[in-house]
Amino acid sequence: SAAPYQLQLKSEFTKEDMSRALGPDPKDYLPKSDSHHFEGSPLYLQIRPGFQKDKEILQPRAFDHRNVSPLLDEYWFAVPRDMGDKLYNFLIEWQPDAYGDEEQTKPREKFFYDVRKVEDAAQLLVKTGHGSLTDRVDGDVYLLSDHFNEAEKTWEILSKEEVYRAEKEQAADREDVFDESNLPELIGPTVIITQEHIRAIMKSLPRNMSVGYNWELVYATHKHGYALQNLYMRTEDADKDSPTLLFIMDTHGSVFGAFLSNTIRPNETFYGSGATFLFTFYPTFKKFSWQGCNQFFMHGTKDFFAVGSGEGHFGLWLDGDLNKGRSHECTTFHNDVLTMEEDFSILQLEVWTFVDSSLL
């Protein structure tokens with residue numbers, strides 16, 4: 001197998017550049033984040049836009065700060081320190097010729113100019129609507145020309161509905177290429193989940209959650225008792241944006257549940273995103289994705305927790321004692337009833353969160 005990528009850092013900016021761009025202390029101006037990823041100091045990602053040689057500049061580019069002049073020299077992003085390697089690996093796997101190490105990227109110099117050295121010329125060309133930068137400036141470059149090649153990568157703005165519809169179609173295609181070696185480790189005892197369940201769910205998860213995570217048990221009725229308030233207490237310290245898996249086994253032995261885009265918690269209104277879906281293994285596995293008709297993903301109160309809604313019905317509803325539940329077709333997911341009968345009794349219930357496997 002190919003050797004893993006090694007992270008090699010080489011700065012193209014000076015301490016003076018850093019001070020000018022970020023100021024004396026980033027904490028003074030960066031917005032506060034509730035995410036646990038920013039508990040420590042972040043890394044900083046610098047992006048310098050470039051202009052392709054032998055290419056007329058007819059209008060401001062996407063990096064042109066809402067498409068108004070003047071062009072910005074660079075853009076800075078705060079990146080959680082524990083996500084640095086993941087971002088690096090994503091970039092070099094996405095397009096290694098553009099983002100690989102120095103030896104791989106020498107051809108860049110033949111194709112791109114550094115925007116810092118063409119800013120004046122670029123603004124002139126934008127205003128006049130004609131001309132080429134080729135004969136005007138020599139400079140360093142940072143992206144391969146293939147970066148803007150339509151055959152290599154096409155850019156477009158998609159609605160949320162289109163994104164999740166595409167994800168649904170891609171999930172169906174992933175079954176043939178699913179890597180059994182990437183099955184997550186279960187951290188905690190389960191009385192519901194089997195290897196068959198894991199394989200089916202892994203093929204259905206959003207791509208960003210299907211690799212590099214183990215599943216950790218945070219709540220189980222066989223360990224923590226039958227009470228929704230106990231469940232809320234077990235998840236209250238979790239990141240609110242942390243995805244969650246809910247597994248239920250009813251007294252008929254049927255297994256069903258939901259992938260939730262956010263942690264389970266009480267909330268005054270519905271919350272969550274279109275990544276949420278319902279699933280059932282009765283009688284065989286089915287996944288019910290968001291249909292884009294409403295945004296009634298999750299709702300928690302002291303008396304019940306529900307997933308999906310519309311026209312007076314919930315896709316999945318659990319009472320405050322985690323004793324009884326109900327499943328009905330709903331507008332959010334256009335789902336089937338998840339078990340043998342609309343009303344069911346809960347035998348076992350488990351809630352799992354995703355844990356970065358590299359941190360173990």
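## Aromatic rings and their charged neighbours

The charged end of R265 sits over the ring of Y271, 4.1 Å from the ring centre; this label requires NZ of Lys or CZ of Arg within 6 Å of the ring centre and within 35 degrees of the ring normal. This is a predicted model, where local features need pLDDT of at least 70 and side-chain atom pairs count only at pLDDT 80 or more, while totals for chains, interfaces and linings use all residues. Residues are numbered from 1 along each chain as its sequence is written, and side-chain values use heavy atoms, leaving out hydrogens and water.

**Charge over a ring**
- K287 lies over the face of F277, at 4.6 Å from the ring centre.

**Aromatic pairs**
- The structure holds 15 aromatic pairs (rings of Phe, Tyr and Trp, the last by its six-membered ring, with centres within 6.5 Å; planes under 30 degrees apart are stacked, over 60 edge-to-face, the rest tilted).
- One of them is the tilted pair of W215 and F247, at 6.4 Å centre to centre and 40 degrees between the planes.
- W215 lies in strand β6 (residues 213-220) and F247 in strand β7 (residues 244-250), so this pair ties together parts 32 residues apart in sequence (strands are DSSP runs of E, at least two residues, numbered from the N terminus).
- F279 and F285 also pair: their ring centres are 6.5 Å apart and their planes at 35 degrees, so this pair is tilted.

- W215 is buried at a relative accessible area of 0% (buried is under 20%, exposed over 50%, partly exposed in between, with a 1.4 Å probe and protein chains only).
- F247 is buried at 0%.
- F279 is buried at 0%, whereas F285 is partly exposed at 27%.

**Cluster**
- Y213, W215, F247, F259, F277, F279, F281, F285 and F354 form one aromatic cluster.

How values were computed: Helices (H or I, at least four residues) and strands (E, at least two) are DSSP runs, numbered from the N terminus.
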